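Good morning, colleagues. I would ask you to bring the sequence and the structure up on your screens.

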Amino acid sequence: MSTRIRTASTLPSTQGWVTNISAAKPFEDTGRRLRLGVMGGTFDPIHHGHLVAASEVAAKFQLDEVVFVPTGQPWQKLNRQVSEPEHRYLMTVIATASNPSFTVSRVDVDRPGPTFTIDTLRDLRTQRPDADLFFITGADALAQILSWKDVDELWSLAHFVGVTRPGHVLDDMGRGEDVSLLEVPAMAISSTDCRARVGAGNPVWYLVPDGVVQYIAKYKLYSGKAGMGEPLHAMTGSDHRARTE
């Protein structure tokens, strides 16, 4: 059976949703539940596509806050090396610091073992019981959601927003009432390309935030023998367990 996937312009007008999101005005009901966006990702490195996507979703869905959640050990990428979680966490803190609506969570970085979205959402639901969660992810990843751990429970924890570059077609996943799709031109930027550019000695200015460019250069990320830089503790003498509220 074919199931319709909602776009931002076809959302129902129930439970605080509006029919025409692009023309929506801020809610005036101060008693409504908090609307919390959850931007999960490896962020290796975080780039402007991630930031623009979070900003666009926040505007279209009238989110009060977007929390970025860098993965600890991404289960989909166990077959390839990724930068240390602390490097990715700190780059995310740097990239989001100037936006008061953006925060960063350590729930996945601090949890041992592979990172699964179900664990992320369970933890955030426990921490923020007053909030309705909107999980933001790339459309390519969202297309694989039926293979995710405890997928049936996912639908009860959050509404899923797939962000995609213009012209990308997202196949039906059988959960049209739980999934929305939003085109974001900046999603043409990819972390894979950014890593490759650094490895080839090419600049990534204006693809990633300025502070992240400087962080990558300082810790020699993506340009070393393994492309992942030196361990953070070896250069700082501390574990750099920074926290963002």
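In this predicted model, the count of aromatic pairs comes to 7. Consider F43 and F68: their rings form a tilted pair, 5.9 Å centre to centre, with 50 degrees between the planes. The two partners come from distant parts of the chain, 25 residues apart, with F43 in the loop between β2 (34-41) and α1, and F68 in strand β3 (residues 65-70). Both F43 and F68 are buried.

A further pair is that of Y215 and Y219. Their ring centres are 4.6 Å apart and their planes meet at 45 degrees, so this pair too is classed as tilted, the limits for that class being 30 and 60 degrees. Y215 is buried, as is Y219. Elsewhere, ring pairs join F135, W148, W155 and F160 into a cluster.

The charged end of R106 sits over the ring of Y89, at 4.5 Å from the ring centre. For K149, the charged end sits over the ring of F116, and here the distance to the centre is 4.9 Å.

Is V57 buried or exposed? Its relative accessible area is 0%, and V57 therefore counts as buried, the cut-off being under 20%. Leaving aside residues up to four places away in sequence, V57 touches Q62, L63, I136, V161, V163 and L182.

Methods: Residues numbered from 1 in each chain as written. Predicted model: local features only at pLDDT ≥ 70, side-chain atom pairs only at ≥ 80, totals over all residues. Heavy atoms only, no water. Buried < 20%, exposed > 50% of the residue type's maximum accessible area, 1.4 Å probe, protein only. Contact = heavy atoms within 4.5 Å. Phe/Tyr/Trp six-rings, centres within 6.5 Å; stacked < 30°, edge-to-face > 60°. Helix = DSSP H or I, 4+ residues; strand = E, 2+ residues; numbered from the N terminus. Lys NZ or Arg CZ within 6 Å of the ring centre and 35° of its normal.
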